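The following note sets out points for a colleague who is examining the model. Each point takes up one residue or one topic.

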Amino acid sequence: MSYAAIPEGAVLVGVENWPAAAESVSWAAEQAYRGGRDVGLVHVVSATTLETPPGFRAGAASEPEQAHGSVVLASAERYAEHRLDALSGVSGFAGYRRPEVTTSQQIGSVIPALVAASGHASLLVLGSRGRGPIGSWILGSVSRSVVEDSRCPVVVLCPGSGGVGRGVLVGIDGTSDSIPALEFAFDQADQRNLPVTVLYCYRAGSTERPDADRVLVAECVAGLRERYPDLHPHLRIQAGSLGHALAEQAQTMHMVVVAGGGAVANHLLDHAHSVVVTVPTTYSRAGTTPPAPAM
(Lines give C-alpha, C1' and ligand atoms only; values in the text may rest on other atoms or scores of the structure.)
Protein backbone atom coordinates (compact mmCIF):
# COMPACT_ATOMS: atom_id res chain seq x y z
CA MET A 1 0.00 0.00 0.00
CA SER A 2 1.21 3.49 -0.81
CA TYR A 3 0.17 6.65 1.00
CA ALA A 4 2.50 8.99 -0.89
CA ALA A 5 -0.45 11.13 -2.03
CA ILE A 6 -1.38 11.98 1.57
CA PRO A 7 0.63 14.77 3.24
CA GLU A 8 2.44 13.69 6.39
CA GLY A 9 0.49 14.71 9.48
CA ALA A 10 -2.82 15.21 7.64
CA VAL A 11 -6.22 14.89 9.29
CA LEU A 12 -7.28 11.63 7.67
CA VAL A 13 -10.86 10.51 7.05
CA GLY A 14 -11.88 6.93 6.43
CA VAL A 15 -14.54 7.36 3.70
CA GLU A 16 -16.59 4.19 3.31
CA ASN A 17 -19.51 5.55 1.32
CA TRP A 18 -21.18 8.79 0.31
CA PRO A 19 -23.04 10.74 1.61
CA ALA A 20 -22.74 8.68 4.80
CA ALA A 21 -19.27 10.14 5.44
CA ALA A 22 -20.35 13.80 5.10
CA GLU A 23 -20.30 14.48 8.86
CA SER A 24 -16.84 12.97 9.23
CA VAL A 25 -15.47 14.98 6.29
CA SER A 26 -17.00 18.19 7.65
CA TRP A 27 -15.55 17.65 11.12
CA ALA A 28 -12.13 16.80 9.69
CA ALA A 29 -12.08 19.89 7.45
CA GLU A 30 -12.76 22.19 10.38
CA GLN A 31 -10.20 20.42 12.57
CA ALA A 32 -7.57 20.63 9.81
CA TYR A 33 -8.19 24.37 9.50
CA ARG A 34 -7.87 24.85 13.27
CA GLY A 35 -4.72 22.78 13.55
CA GLY A 36 -2.89 23.96 10.42
CA ARG A 37 -3.08 20.52 8.82
CA ASP A 38 -4.14 19.21 5.44
CA VAL A 39 -7.08 16.87 4.79
CA GLY A 40 -6.61 13.32 3.51
CA LEU A 41 -9.52 11.18 2.31
CA VAL A 42 -9.01 7.41 2.16
CA HIS A 43 -11.32 4.81 0.66
CA VAL A 44 -10.49 1.12 0.91
CA VAL A 45 -11.63 -1.31 -1.79
CA SER A 46 -11.66 -4.94 -0.68
CA ALA A 47 -9.35 -7.19 -2.65
CA THR A 48 -10.85 -10.20 -4.42
CA THR A 49 -10.05 -13.35 -2.49
CA LEU A 50 -12.54 -15.82 -4.00
CA GLU A 51 -12.12 -17.73 -7.23
CA THR A 52 -12.02 -15.19 -10.05
CA PRO A 53 -13.30 -15.46 -13.63
CA PRO A 54 -10.99 -15.21 -16.66
CA GLY A 55 -9.54 -11.75 -17.11
CA PHE A 56 -9.53 -10.93 -13.38
CA ARG A 57 -6.47 -11.18 -11.16
CA ALA A 58 -6.91 -12.82 -7.75
CA GLY A 59 -6.21 -10.41 -4.93
CA ALA A 60 -7.22 -7.37 -6.99
CA ALA A 61 -10.34 -5.26 -6.71
CA SER A 62 -12.89 -5.48 -9.50
CA GLU A 63 -13.18 -2.58 -11.90
CA PRO A 64 -16.75 -1.72 -10.76
CA GLU A 65 -15.60 -1.58 -7.13
CA GLN A 66 -12.69 0.68 -8.01
CA ALA A 67 -14.94 2.87 -10.16
CA HIS A 68 -17.41 3.18 -7.28
CA GLY A 69 -14.56 4.07 -4.93
CA SER A 70 -13.41 6.80 -7.29
CA VAL A 71 -16.93 8.28 -7.36
CA VAL A 72 -17.13 8.16 -3.55
CA LEU A 73 -13.78 9.92 -3.18
CA ALA A 74 -14.62 12.54 -5.80
CA SER A 75 -17.87 13.36 -3.98
CA ALA A 76 -16.08 13.56 -0.63
CA GLU A 77 -13.37 15.76 -2.10
CA ARG A 78 -15.88 18.22 -3.57
CA TYR A 79 -17.68 18.40 -0.25
CA ALA A 80 -14.42 18.97 1.66
CA GLU A 81 -13.43 21.79 -0.70
CA HIS A 82 -16.88 23.36 -0.33
CA ARG A 83 -16.62 23.12 3.47
CA LEU A 84 -13.16 24.70 3.47
CA ASP A 85 -14.39 27.50 1.20
CA ALA A 86 -17.15 28.23 3.72
CA LEU A 87 -14.71 28.19 6.65
CA SER A 88 -12.34 30.56 4.86
CA GLY A 89 -15.04 33.22 5.11
CA VAL A 90 -15.43 32.80 8.88
CA SER A 91 -13.67 35.53 10.88
CA GLY A 92 -12.33 33.01 13.38
CA PHE A 93 -10.20 31.43 10.65
CA ALA A 94 -8.83 34.69 9.23
CA GLY A 95 -5.07 34.42 8.70
CA TYR A 96 -5.04 30.63 8.79
CA ARG A 97 -3.57 28.61 5.94
CA ARG A 98 -6.28 26.95 3.87
CA PRO A 99 -5.78 23.17 4.02
CA GLU A 100 -5.12 21.15 0.89
CA VAL A 101 -7.33 18.13 0.16
CA THR A 102 -5.88 14.89 -1.17
CA THR A 103 -7.44 11.49 -1.86
CA SER A 104 -6.14 7.94 -1.81
CA GLN A 105 -7.84 4.69 -2.84
CA GLN A 106 -6.30 1.63 -1.24
CA ILE A 107 -6.88 -2.03 -2.12
CA GLY A 108 -6.90 -4.55 0.68
CA SER A 109 -8.54 -5.18 4.05
CA VAL A 110 -10.11 -2.15 5.72
CA ILE A 111 -8.63 -2.48 9.21
CA PRO A 112 -4.96 -3.03 8.23
CA ALA A 113 -5.25 -0.27 5.61
CA LEU A 114 -6.57 2.27 8.11
CA VAL A 115 -4.05 1.27 10.77
CA ALA A 116 -1.21 1.65 8.25
CA ALA A 117 -2.58 5.03 7.16
CA SER A 118 -2.69 6.19 10.78
CA GLY A 119 1.09 6.09 10.83
CA HIS A 120 1.11 9.04 8.43
CA ALA A 121 -1.66 11.08 10.08
CA SER A 122 -2.08 13.47 12.99
CA LEU A 123 -5.70 12.31 13.39
CA LEU A 124 -7.85 9.56 11.91
CA VAL A 125 -11.57 10.37 11.71
CA LEU A 126 -14.19 7.62 11.49
CA GLY A 127 -17.98 7.63 11.61
CA SER A 128 -20.36 5.22 13.31
CA ARG A 129 -23.38 3.80 11.51
CA GLY A 130 -25.45 3.61 14.65
CA ARG A 131 -26.38 1.13 17.32
CA GLY A 132 -28.44 -2.00 17.36
CA PRO A 133 -27.13 -5.50 16.49
CA ILE A 134 -25.83 -4.54 13.03
CA GLY A 135 -24.44 -1.16 14.02
CA SER A 136 -22.72 -2.62 17.07
CA TRP A 137 -21.12 -5.38 14.99
CA ILE A 138 -19.76 -2.89 12.45
CA LEU A 139 -18.43 -0.61 15.16
CA GLY A 140 -16.82 -3.56 16.89
CA SER A 141 -15.24 -5.03 13.78
CA VAL A 142 -13.77 -1.81 12.39
CA SER A 143 -13.61 1.10 14.83
CA ARG A 144 -12.60 -0.99 17.83
CA SER A 145 -9.85 -2.78 15.95
CA VAL A 146 -8.53 0.46 14.48
CA VAL A 147 -8.63 2.15 17.90
CA GLU A 148 -6.68 -0.75 19.39
CA ASP A 149 -3.80 -0.55 16.92
CA SER A 150 -3.85 3.02 15.57
CA ARG A 151 -0.61 4.99 15.71
CA CYS A 152 -2.40 8.33 16.00
CA PRO A 153 -5.49 9.57 17.87
CA VAL A 154 -8.76 8.24 16.44
CA VAL A 155 -11.89 10.40 16.33
CA VAL A 156 -15.18 8.50 16.18
CA LEU A 157 -18.33 10.53 15.53
CA CYS A 158 -20.85 8.53 17.51
CA PRO A 159 -24.58 8.70 16.68
CA GLY A 160 -26.22 11.78 18.16
CA SER A 161 -22.95 13.64 18.70
CA GLY A 162 -23.74 16.53 16.39
CA GLY A 163 -21.10 18.71 18.07
CA VAL A 164 -23.75 20.47 20.15
CA GLY A 165 -22.18 19.78 23.55
CA ARG A 166 -20.13 22.36 25.35
CA GLY A 167 -16.74 21.34 26.66
CA VAL A 168 -14.00 18.73 26.45
CA LEU A 169 -14.07 15.84 28.92
CA VAL A 170 -11.01 13.66 29.47
CA GLY A 171 -10.88 10.51 31.56
CA ILE A 172 -7.66 9.51 33.30
CA ASP A 173 -6.47 6.63 35.46
CA GLY A 174 -3.70 8.52 37.26
CA THR A 175 -0.86 6.76 35.42
CA SER A 176 1.49 7.92 32.68
CA ASP A 177 -0.76 6.13 30.15
CA SER A 178 -3.20 9.03 30.56
CA ILE A 179 -0.72 11.79 29.73
CA PRO A 180 -1.15 11.69 25.90
CA ALA A 181 -4.95 11.83 26.31
CA LEU A 182 -4.63 14.76 28.74
CA GLU A 183 -2.36 16.65 26.36
CA PHE A 184 -4.72 16.07 23.44
CA ALA A 185 -7.77 17.19 25.45
CA PHE A 186 -6.08 20.41 26.64
CA ASP A 187 -4.91 21.19 23.12
CA GLN A 188 -8.43 20.71 21.72
CA ALA A 189 -9.98 22.84 24.46
CA ASP A 190 -7.47 25.57 23.72
CA GLN A 191 -8.08 25.42 19.94
CA ARG A 192 -11.85 25.49 20.32
CA ASN A 193 -12.05 27.90 23.28
CA LEU A 194 -13.93 25.31 25.32
CA PRO A 195 -13.77 24.45 29.02
CA VAL A 196 -11.99 21.23 29.91
CA THR A 197 -12.97 18.75 32.61
CA VAL A 198 -10.63 16.05 33.94
CA LEU A 199 -12.44 13.02 35.35
CA TYR A 200 -10.85 10.43 37.62
CA CYS A 201 -12.77 7.55 39.21
CA TYR A 202 -11.75 5.46 42.18
CA ARG A 203 -13.22 2.14 43.20
CA ALA A 204 -16.39 2.42 45.24
CA GLY A 205 -15.84 1.38 48.87
CA SER A 206 -12.23 2.60 49.03
CA THR A 207 -11.43 4.41 52.27
CA GLU A 208 -9.62 7.73 52.63
CA ARG A 209 -8.87 7.90 48.91
CA PRO A 210 -10.38 11.18 47.67
CA ASP A 211 -7.77 13.49 49.24
CA ALA A 212 -4.87 11.43 47.94
CA ASP A 213 -6.52 11.16 44.54
CA ARG A 214 -6.99 14.92 44.35
CA VAL A 215 -3.24 15.32 44.80
CA LEU A 216 -2.59 12.68 42.13
CA VAL A 217 -4.90 14.35 39.59
CA ALA A 218 -3.50 17.79 40.37
CA GLU A 219 0.02 16.50 39.72
CA CYS A 220 -1.09 15.04 36.37
CA VAL A 221 -2.39 18.39 35.10
CA ALA A 222 0.19 20.69 36.74
CA GLY A 223 2.44 20.94 33.69
CA LEU A 224 -0.51 21.49 31.37
CA ARG A 225 -1.78 24.37 33.51
CA GLU A 226 1.51 26.13 32.80
CA ARG A 227 1.39 25.32 29.09
CA TYR A 228 -2.23 26.51 28.75
CA PRO A 229 -2.55 29.38 31.25
CA ASP A 230 -5.88 30.54 29.80
CA LEU A 231 -7.53 27.19 30.55
CA HIS A 232 -8.99 26.61 33.97
CA PRO A 233 -9.58 22.86 34.14
CA HIS A 234 -12.27 21.47 36.36
CA LEU A 235 -11.04 18.41 38.27
CA ARG A 236 -13.78 15.89 38.99
CA ILE A 237 -13.11 12.91 41.28
CA GLN A 238 -15.79 10.35 42.03
CA ALA A 239 -16.36 6.72 42.92
CA GLY A 240 -17.42 4.20 40.31
CA SER A 241 -16.60 3.05 36.79
CA LEU A 242 -14.66 5.49 34.62
CA GLY A 243 -16.26 4.18 31.43
CA HIS A 244 -19.80 4.52 32.74
CA ALA A 245 -19.14 7.97 34.21
CA LEU A 246 -17.59 9.24 30.96
CA ALA A 247 -20.47 7.92 28.85
CA GLU A 248 -23.04 9.56 31.12
CA GLN A 249 -21.29 12.93 31.36
CA ALA A 250 -20.40 12.95 27.65
CA GLN A 251 -24.03 13.79 26.85
CA THR A 252 -23.35 17.46 27.63
CA MET A 253 -19.88 17.56 26.06
CA HIS A 254 -18.67 18.23 22.55
CA MET A 255 -15.84 15.75 22.94
CA VAL A 256 -14.73 13.01 25.31
CA VAL A 257 -11.08 11.88 25.28
CA VAL A 258 -9.57 8.71 26.70
CA ALA A 259 -6.52 6.52 26.30
CA GLY A 260 -6.82 4.22 23.28
CA GLY A 261 -7.86 0.60 23.53
CA GLY A 262 -9.20 -1.24 26.55
CA ALA A 263 -12.56 -1.55 28.26
CA VAL A 264 -13.11 2.19 28.87
CA ALA A 265 -12.64 3.11 25.20
CA ASN A 266 -14.86 0.23 24.07
CA HIS A 267 -17.62 1.24 26.47
CA LEU A 268 -17.54 4.80 25.14
CA LEU A 269 -17.74 3.62 21.53
CA ASP A 270 -20.89 1.69 22.42
CA HIS A 271 -22.62 4.24 24.65
CA ALA A 272 -21.35 7.81 24.29
CA HIS A 273 -23.40 10.45 22.45
CA SER A 274 -20.52 12.75 21.61
CA VAL A 275 -17.33 12.94 19.62
CA VAL A 276 -15.12 10.20 21.09
CA VAL A 277 -11.33 10.47 20.77
CA THR A 278 -9.01 7.65 21.74
CA VAL A 279 -5.33 8.53 22.06
CA PRO A 280 -2.59 5.85 21.94
CA THR A 281 -0.67 5.67 25.19
CA THR A 282 2.57 5.91 23.20
CA TYR A 283 1.47 8.87 21.10
CA SER A 284 3.54 12.02 21.07
CA ARG A 285 2.94 15.24 19.15
CA ALA A 286 6.70 15.66 18.82
CA GLY A 287 7.79 15.48 15.21
CA THR A 288 4.32 16.22 13.87
CA THR A 289 4.60 19.99 13.65
CA PRO A 290 1.91 21.33 11.31
CA PRO A 291 2.60 23.67 8.42
CA ALA A 292 2.93 27.31 9.44
CA PRO A 293 -0.25 29.42 9.23
CA ALA A 294 -0.51 31.93 6.41
CA MET A 295 0.53 35.41 7.35
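Predicted model: local features only at pLDDT ≥ 70, side-chain atom pairs only at ≥ 80, totals over all residues.

1. A residue counts as buried when its relative accessible area is under 20%. Val-217 has a relative accessibility of 1%, and it is therefore buried. The residue belongs to helix H6, which spans residues 210–227. Leaving aside residues up to four places away in sequence, Val-217 touches Ile-172, Val-198, Tyr-200, Leu-235 and Ile-237.

2. The chain contains 8 helices and 10 strands. Of its 295 residues, 48% are buried. Among contacts with a sequence separation of 6 or more, 77% are between residues 24 or more positions apart.

3. Arg-192 deserves attention. It is found in helix H5, residues 179–192. The side chain of Arg-192 does make polar contacts: one with the side chain of Gln-31 at 2.8 Å, and another with the side chain of Gln-188 at 2.9 Å. With residues up to four places away in sequence excluded, Arg-192 touches Trp-27, Glu-30, Gln-31, Arg-34, His-254 and Met-255.

4. Asn-193 lies in the loop between H5 and strand S7, the latter covering residues 196–202. Its phi angle is near 55°, a positive value in a residue other than glycine. Is Asn-193 buried or exposed? Its relative accessibility is 62%, so Asn-193 counts as exposed.

5. A further backbone feature to inspect is the peptide bond between Trp-18 and Pro-19, which is cis, with omega at about 15°. Pro-19 is located in the loop between strand S1 (10–14) and helix H1 (22–35).

6. How many aromatic pairs does a search of the whole structure find? The search returns 4. In one of them, the ring centres of Phe-93 and Tyr-96 are 6.0 Å apart and the planes meet at 70°, so the pair is edge-to-face. Phe-93 has a relative accessible area of 9% and is therefore buried. Tyr-96 has a relative accessible area of 37%, so it counts as partly exposed. Ring pairs join Tyr-33, Phe-93 and Tyr-96 into a cluster.

7. Asp-270 is placed in helix H8, residues 262–271. Its side chain and that of Arg-144 are joined by a polar contact of 2.2 Å. The C-alpha atoms of Asp-270 and Cys-158 are 8.4 Å apart in space, while the two residues are 112 apart in sequence.

8. The last point concerns cysteines. The structure holds 0 disulfides. Cys-152 is buried, because its relative accessibility is 1%. Cys-220 is likewise buried, with a relative accessible area of 15%.

Note on methods: Residues numbered from 1 in each chain as written. Heavy atoms only, no water. Helix = DSSP H or I, 4+ residues; strand = E, 2+ residues; numbered from the N terminus. Polar contact = N/O pair within 3.5 Å; in protein donor to acceptor, adjacent residues only side chain to side chain. Contact = heavy atoms within 4.5 Å. Disulfide = S-S within 2.5 Å. Buried < 20%, exposed > 50% of the residue type's maximum accessible area, 1.4 Å probe, protein only. Phe/Tyr/Trp six-rings, centres within 6.5 Å; stacked < 30°, edge-to-face > 60°.
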